[in-house]
Amino acid sequence: MDGDARKNAPRKTGLILTGGGARAAYQVGVLKAIAEILPRRTRNPFPVICGTSAGAFNAVTLAVYAQSFRLGVQYLDKMWKNFTAHDIYRADALGVFLNSLRWLAGLILNGLGINKLNHVSLLDSSPLAELLDQALPSEKIQENIEAGVLHALSICASGYGTGQSVNFFQSAQGVQPWQRARRLGVATFIEAKHILASAAIPFIFPAVRINREYFGDGSMRQIAPVSPALHLGAARVLIIGTGQTDDKQPGRSKVDDYPSLAKIAGHALDSIFLDGLEVDIERLNRINKTIDLVTEEVRHHLNLRHIDVLHISPSQSLEKIAGRYAKQLPWPIRFLLSGVGAMRRNASNLVSYLLFEKEFCRALIDLGYQDAMNRKEEIMVFLAPSLIEDQLTRHHD
């Protein structure tokens, strides 16, 4: 593409949906508000969609429904508002007991040097695998790409063998695979197994084999969460996170009690799901400030571009909200989590990732909706170029 063509090419808007287990219900509330803000018959305003972990499910759903953004969001809203833990993992007494027994046996056998038990994890995610097979017709993704209402979809997973962050992407012609330090993009047809792998929270859900390697949650080695959207052609990105940013966190205080296993696990999950995104956004903002100081001629010569970023994150602590609904988990899961101290009100961070119960999900959807509506004008300005592009596309159709 020559300079004039690149300058006049549409600036694609990317949507980045991060991980966070049950916390991803918050994203549905934000998307619900956006769907109301946009004109009723708007097609997909995000030509580039990137999802990780539970955000991968939301991302693929929007890609499947790219012909009608509102219908896709309505489908997500209905699904998340009626989720139960039983839809995501085995939460019945027998299932929890057998999986715990398998976990214990695996530890003992591995200690003896016998590696006979595979797929050992705290919880059995087979219900999620069945749900994905039934709920998402992945063949629609390619149909929407060919129809021009979707440019690219990316799902991130972490390879346990190579230690690489792998972005499986499906796109229109012209997008090339990429490789950077510890991360790469691989062209493929997105299927349920990619979502299942991306959402396989370490230790909690079993790893998933794709081709030659086992993969786990995409947030684990995702050192540059914004990068895939840029590789896929996005010039601006809307990011919907699942954790409060640093400036909203409470101050430091003295703590005398030794942290429970649940507290440590919740802290580790926060590090996996939240820290990389905040660092990447901070880095991108610094780069933008540097680029703004450079002349247009130099930008063109070095192929530099300013990336507009809009980040929407919870205005309230999702951990505290989870504490109010923790008792809605099935009793076998409550019993299992009580053993590591996760059912204490001040240690409900781990619970917030596993609380796939409708009352908690509905509370997060409501919070996401209100947070987005409070930034309605900002969102409208940010998405205005996407609306113009959609109108032009409809005119040519």
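Are Phe-168 and Phe-215 buried or exposed? Both Phe-168 and Phe-215 are buried in this structure, which is a predicted model.

**Aromatic pairs**
- The structure contains 10 aromatic pairs, and in one of them the ring centres of Phe-168 and Phe-215 are 5.4 Å apart with the planes at 70°, so this pair is edge-to-face.
- Because Phe-168 belongs to strand S4 (residues 165-171) and Phe-215 to strand S8 (residues 213-217), the pair ties together parts that lie 47 residues apart in sequence.
- Elsewhere, Phe-57, Trp-80, Phe-83 and Phe-356 are linked into a cluster by ring pairs.

**Helices H2 and H4**
- Helix H2 (residues 25-37) packs with helix H4 (residues 69-81) at an angle of about 145°, the axes being 9 Å apart, and the crossing of H2 and H4 is left-handed.
- On the H2 side the residues that meet H4 include Val-28, Leu-31 and Ile-34, while those of H4 include Val-73, Leu-76 and Trp-80.
- Sorted by class, the contact of H2 with H4 comprises nine nonpolar and five charged residues, with no polar ones.

**Nonpolar cores**
- The largest nonpolar core has 96 residues, within which Trp-80 and Tyr-89 have the most contacts, and the largest share of this core, nine residues, comes from H2.
- Leaving aside neighbours within four places in sequence, Tyr-89 is in contact with several residues, among them Leu-123, Pro-127, Phe-205, Ile-333 and Phe-356.
- A second, separate core has 17 residues, including Trp-178, Ala-229, Leu-232 and Ile-307.

Terms used: Residues are numbered from 1 along each chain as its sequence is written. This is a predicted model: local features need pLDDT of at least 70, side-chain atom pairs count only at pLDDT 80 or more; totals for chains, interfaces and linings use all residues. Side-chain values use heavy atoms; hydrogens and water are left out. Axes are lines fitted to C-alpha atoms, for helices over the stretch in contact, and angles run from 0 to 180 degrees between N-to-C directions. Helices (H or I, at least four residues) and strands (E, at least two) are DSSP runs, numbered from the N terminus. A crossing is left-handed if the near helix is turned anticlockwise from the far one by less than a right angle, and right-handed if clockwise. Contact means heavy atoms within 4.5 Å. Ala, Val, Leu, Ile, Met, Phe, Trp, Tyr, Cys and Pro count as nonpolar, Asp, Glu, Lys and Arg as charged, and the others, Gly among them, as polar. A nonpolar core is a set of buried Ala, Val, Leu, Ile, Met, Phe, Trp, Tyr and Cys residues joined through side-chain atoms within 4.5 Å. Buried means under 20% relative accessible area, exposed over 50%, partly exposed in between (1.4 Å probe, protein chains only). Rings of Phe, Tyr and Trp (its six-membered ring) pair if their centres lie within 6.5 Å; planes under 30 degrees apart count as stacked, over 60 as edge-to-face and the rest as tilted.
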